[in-house]
Amino acid sequence: MTEDTALVKRSRYAVAAVFCVHGSVTGSFATRVPWIQEHAGVSAGQLGLALAFPALGAALMMPLAARVSHRFGTRNALRGLLALWTLALILPSLAPGLLTLCAALFIYGGTAGMADVAMNAIGVEIEHRLKKSIMSGLHGLWSVGALLGSAVGTLAAHANVNAQLHHATAAVVLTVIGAVVCHFVLNIHPDEDEEPPARFALPPKSALLIGAVGFCAVFAEGASLDWSAVYLRDILDSSAAVAAGATTGFALTMAIARLTGDAVVDRFGAVRTVRWSGVIATLGGLLVVVSPTAVVAIAGFGLIGVGIAVAVPLAFAAAGHTGPNPSQAIAGVATITYASGLVAPSIIGGIAQASNLTMSFIVVTALTAGLAVFARVLATRRPTTAGAEPLQS
């Protein structure tokens with residue numbers, strides 16, 4: 001093993017830790033939303049409005065990540081952006097009212113999105129150098145981080161720990177971990193004559209096509225996470241405990257599929273993997289729609305989780321392999337996927353209001369079939385890489 005290869009592998013483990021840290025922030029925040037709502041004194045409707053601001057902040061600020069990486073290099077950019085994200089965890093619990101909560105969540109989402117783009121861009125570069133799939137596993141470790149963060153948050157909530165103290169402590173710990181692991185990621189600089197990316201730019205056409213894969217997957221993810229338990233309760237008249245099993249089953253199968261998905265991608269390729277994943281997810285959706293019992297519906301949600309698991313990681317990987325500026329393409333795909341996650345729960349609720357939840361999941365099933373239809377756009381080529389410094393420690 002050459003020193004170059006050893007450093008790239010070391011960088012892979014460092015970026016994996018970054019994904020875990022990023023997920024831990026999300027899990028830490030999600031478990032304390034009720035405390036934040038009570039502290040800010042906002043109603044359920046006002047909270048729903050405020051929770052739209054993270055996606056808005058991410059969509060507006062993600063394009064800046066490419067410029068930051070161009071200016072400071074990938075290592076320093078990721079170190080700084082990840083620190084901004086982990087420290088932003090402190091802000092929502094400090095908000096005394098609706099306006100300040102919206103502002104805090106805008107910053108929270110914007111820093112999350114920029115760090116997301118930076119870490120995915122480095123992951124794509126490492127994947128290219130190792131010549132094997134790693135993106136599914138990286139996103140699986142994000143899920144592991146989210147589970148760890150939510151577990152600690154649940155314990156803190158159970159012990160009636162003030163969310164301000166909890167989030168301040170978590171932010172400091174995660175910031176330190178992030179700073180340490182970022183020291184070991186690849187440090188990539190552009191050529192001296194390379195023009196910096198625009199501060200804000202429309203996603204390239206290639207990102208729009210690849211983003212369609214991410215849109216279908218994230219729409220199904222948002223719908224399943226937010227509405228699976230409600231589906232079992234309202235459509236199949238299940239108990240609260242049984243209904244919760246649908247959400248747990250979905251999240252668990254998706255995490256397992258992501259952690260094991262790289263081997264499948266290496267064996268069959270991105271296009272075939274996503275095409276068959278779409279078939280699996282569609283089969284799961286059909287089981288949900290026609291299910292006569294809770295057991296069948298839970299199995300269906302589990303299949304949806306397996307089917308959509310690798311789609312988003314592979315969409316990011318494909319975006320990073322196209323166009324002259326991988327970070328800009330990744331930002332474009334990320335913007336589309338964030339938007340999908342934002343609108344999915346409300347669209348599902350709107351369809352259910354106009355018709356019923358069964359009709360809502362017919363739409364979800366149609367979108368999972370879109371994974372098979374759009375899978376071919378993931379067959380992209382890698383642009384020439386310039387300015388890498390793999391041997392820099």
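At what angle do helix H6 and helix H8 pack, and how far apart are their axes? I worked on a predicted model, in which local features need pLDDT of at least 70, side-chain atom pairs count only at pLDDT 80 or more, and totals for chains, interfaces and linings use all residues. Residues are numbered from 1 along each chain as its sequence is written, and side-chain values use heavy atoms, without hydrogens and water.

Entry 1, helix pair. I found H6 (residues 74-88) and H8 (residues 98-130) packed at about 150°, with axes 8 Å apart. Axes are lines fitted to C-alpha atoms, for helices over the stretch in contact, and angles run from 0 to 180 degrees between N-to-C directions. The contact (heavy atoms within 4.5 Å) includes Leu-78, Leu-81 and Trp-85 of H6 and Tyr-108, Met-114 and Ile-122 of H8. I noted 13 nonpolar, two polar and no charged residues there; Ala, Val, Leu, Ile, Met, Phe, Trp, Tyr, Cys and Pro count as nonpolar, Asp, Glu, Lys and Arg as charged, and the others, Gly among them, as polar.

Entry 2, overall form. I recorded 17 helices and two strands, both being DSSP runs (H or I, at least four residues; E, at least two) numbered from the N terminus. The C-alpha trace spans about 60 × 50 × 40 Å along its principal axes.
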